[in-house]
Amino acid sequence: MNHKSAEELREDLEKAKAKVVIGSRYSHFKDENSIYEIVDVVINEATEEPMVIYKDKNGEKLTFARPLHSWDEIMQHDEKQIRRFTPLDVI
């Protein structure tokens, strides 16, 4: 695998941070009452892809990582197409 340069990785991070804003809250398509806060956007060391780090703000208060491409995915749910995560407040 050819590795990206540090400059290319920084560019990927900046593009990712334009899509999700650190500190913003989102709900998940399966439960609109679920609230997740963006903690950071990072690079997966093994795949070099941008990852969203987010924390469950209710329930178990766990922290998760998800590839950016699936964070912004359009899902089929109840015969509708909706975003996997919907912004609640973008700061």
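**Aromatic pairs**

A search of the whole structure, a predicted model, finds 8 aromatic pairs (rings of Phe, Tyr and Trp, the last by its six-membered ring, with centres within 6.5 Å; planes under 30 degrees apart are stacked, over 60 edge-to-face, the rest tilted). Tyr26 and Trp71 form an edge-to-face pair, at 5.2 Å centre to centre and with 80 degrees between the planes. The pair ties together parts 45 residues apart in sequence, because Tyr26 lies in strand E1 (residues 25–28) and Trp71 in helix H2 (residues 68–71). Helices (H or I, at least four residues) and strands (E, at least two) are DSSP runs numbered from the N terminus.

Tyr26 is buried, at 4% relative accessible area, and Trp71 is buried at 1%; buried means under 20%, exposed over 50% and partly exposed in between, with a 1.4 Å probe and protein chains only. One aromatic cluster is formed by Tyr26, Tyr36, Tyr54, Phe64, Trp71 and Phe85.

**The chain**

The chain has 2 helices and 7 strands, in the order α-β-β-β-β-α-β-β-β from the N terminus. Its C-alpha trace spans about 40 × 30 × 25 Å along the principal axes. Of its 91 residues, 31% count as buried. Among contacts (heavy atoms within 4.5 Å) with a separation of 6 or more, 37% join residues 24 or more positions apart.

**Basis**

Residues are numbered from 1 along each chain as its sequence is written, and side-chain values use heavy atoms, leaving out hydrogens and water. Local features need pLDDT of at least 70 and side-chain atom pairs count only at pLDDT 80 or more, while totals for chains, interfaces and linings use all residues.
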